[in-house]
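This briefing goes through one chain, from its overall make-up to a few local details. Please keep the sequence and the 3D view open while reading.

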Amino acid sequence: MLTTHRSPRLTDNQDGIPTSASSAADNVYLGYPKPVRLRRQMRLSTEIAPRSAAVLRSPPGVRRNLYGGLLTMHAPRTYNRRSFLKTSTATLAAAPFALPGSLSAQVVDGLADDPTLNTLVPTAIGGPAPQGADTLTLRWLGCANHEIAFRDQVILLDAWYDRGPRNRPLGFGPDDVQRADVIINGHAHFDHIADIPGIARRTGATVLGAPLSTEYARSEGLSDGQVLATAGGEHLEFNGFTVDAILAHHSLLPREVLDKLAPALAADMSPLSEQEQQQQAEIRARGLSDPRIITEGTIAYLFTFDNGFRLLYRNSAGPITDPERQAATDLGGVDLAIIAYQGHPVAESQIAVTLPLVQLYQPGIYLPTHHDTIAGTFTDIATEPLFMAIRDALPETRSISPLYRTPVVVDMPSGTFMVGV
Ligand SMILES: [Zn+2]
């Protein structure tokens, strides 16, 4: 099936600046690629509860959250993707909700006991680091911001924490960030880069980004030695992991949709005060609106950890580029992908952009990103329609949409993960 969408006028989705590429007007820019190879058709899933005594130190079903309150919780959910592949269909058919034999109790116990599982405090702002050498803890921090904590290192993906009026608060601000080792920027629009220079100045973190992004960071006071420009094609080595930069493409949204959406959103809320307008304008100035961001300034990043675990980050949902297609062909799938689900208010229109990207990278675990409100520009997008489309197209992929700051704790060698508080 081929779905296409033609737009008479295209624009950048953040700031309403029309793209300079006049040829884009007639480009067919949304479409399903050829169906990807599916390793195995298997739709059964399983879910287990970890040993409650190990996880819940409060009475069963009740857990103390870090902000002092008691939170009624279900036990964390544990998944293991690779064990599905190792377990025969017959076994699963006979006992579809049984614990697959290859899912190690040791791994589950390790995850359940991990100090990051039971806290909403990111490692960057003083929370614990994951315990196991092969444990990775991932947190969504609004928009396309994420934190990866790994072996006492903090990697931030984008940083826009001071989000201004009418945006849902994250529970912390940029000044709360105490530590970061590496900051990765997907592109230089304000909603991805605004707080990177300040955090990097304070923490000494190395900043990776497209040349436009690193130029912006330097203009905000970072030294040449603190930034690494990645135009796509670079392979960079860090402590325990490598990063491959892949030239991606920013999202393209029909101008007429955005022009009609903005007043509709404004009509559904009380007007911004003068002070709020000023605050919003100041925040939106912390980044670039250079039209080259669309084609040259948007980078996808592939992390490969030394245990073989691969994580893909793509912070804008635009067309698939040739370098991405090449990289994905070489990879044959990643373990975890964070791919933007953002922009179109109609789910089917956005699925037509995001699903092909998910199909391209064939992740074991998929996390959407950028699907929350940016006041006056975007509204929250429900993730269920996308997740159902992914379930149909990629039955091996587990889609999860954790809340702000909720830990996703992954045992990288086995692919087992647990979603915490
Ligand atoms: Zn953008």
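The model is predicted. The chain has 421 residues, of which 45% count as buried. Its secondary structure comprises 12 helices and 20 strands.

**Chain as a whole**

- Taking contacts between residues at least 6 apart in sequence, 69% join residues at least 24 apart.

**Helices H11 and H12**

- Helix H11 spans residues 347–361 and helix H12 spans residues 384–393; their axes come within 10 Å and cross at roughly 40°.
- An angle between 35 and 65 degrees counts as oblique, so H11 is oblique to H12.
- The crossing of H11 and H12 is right-handed.
- On the H11 side, the contact is made by Ala347, Ile351, Thr354, Leu355, Val358 and Gln359.
- On the H12 side, Pro385, Leu386, Ala389, Ile390 and Ala393 take part.
- Sorted by class, the contact of H11 with H12 holds nine nonpolar residues, two polar residues and no charged ones.

**Helix H6**

- Helix H6 runs over residues 196–203, and its buried residues are Ile196, Pro197, Ile199 and Ala200.
- These four lie on the same side of H6 because they cover an arc of only 165° around the axis.
- Gly204 follows H6 and has a positive phi, near 80°.

**Trp140**

- Trp140 belongs to strand S5, which covers residues 135–140.
- Is Trp140 buried or exposed? A residue is buried if 20 or more other C-beta atoms lie within 10 Å of its own; Trp140 has 26, so Trp140 is buried.
- Setting aside neighbours within four places in sequence, Trp140 is in contact with His146, Thr369, Pro402 and Tyr404.
- The C-alpha atoms of Trp140 and Leu367 are separated by 9.1 Å, while the two residues are 227 residues apart along the chain.

Conventions. Residues numbered from 1 in each chain as written. Predicted model: local features only at pLDDT ≥ 70, side-chain atom pairs only at ≥ 80, totals over all residues. Axes fitted to C-alpha atoms, helices over the stretch in contact; angles between N-to-C directions. Helix = DSSP H or I, 4+ residues; strand = E, 2+ residues; numbered from the N terminus. Parallel < 35°, antiparallel > 145°, perpendicular 65-115°, else oblique. Left-handed = near helix turned anticlockwise from the far one by under 90°. Contact = placed C-beta atoms within 7 Å. Nonpolar A, V, L, I, M, F, W, Y, C, P; charged D, E, K, R; others polar. Buried ≥ 20, exposed ≤ 12 C-beta atoms within 10 Å, placed from the backbone. Arc of directions from axis to C-beta.
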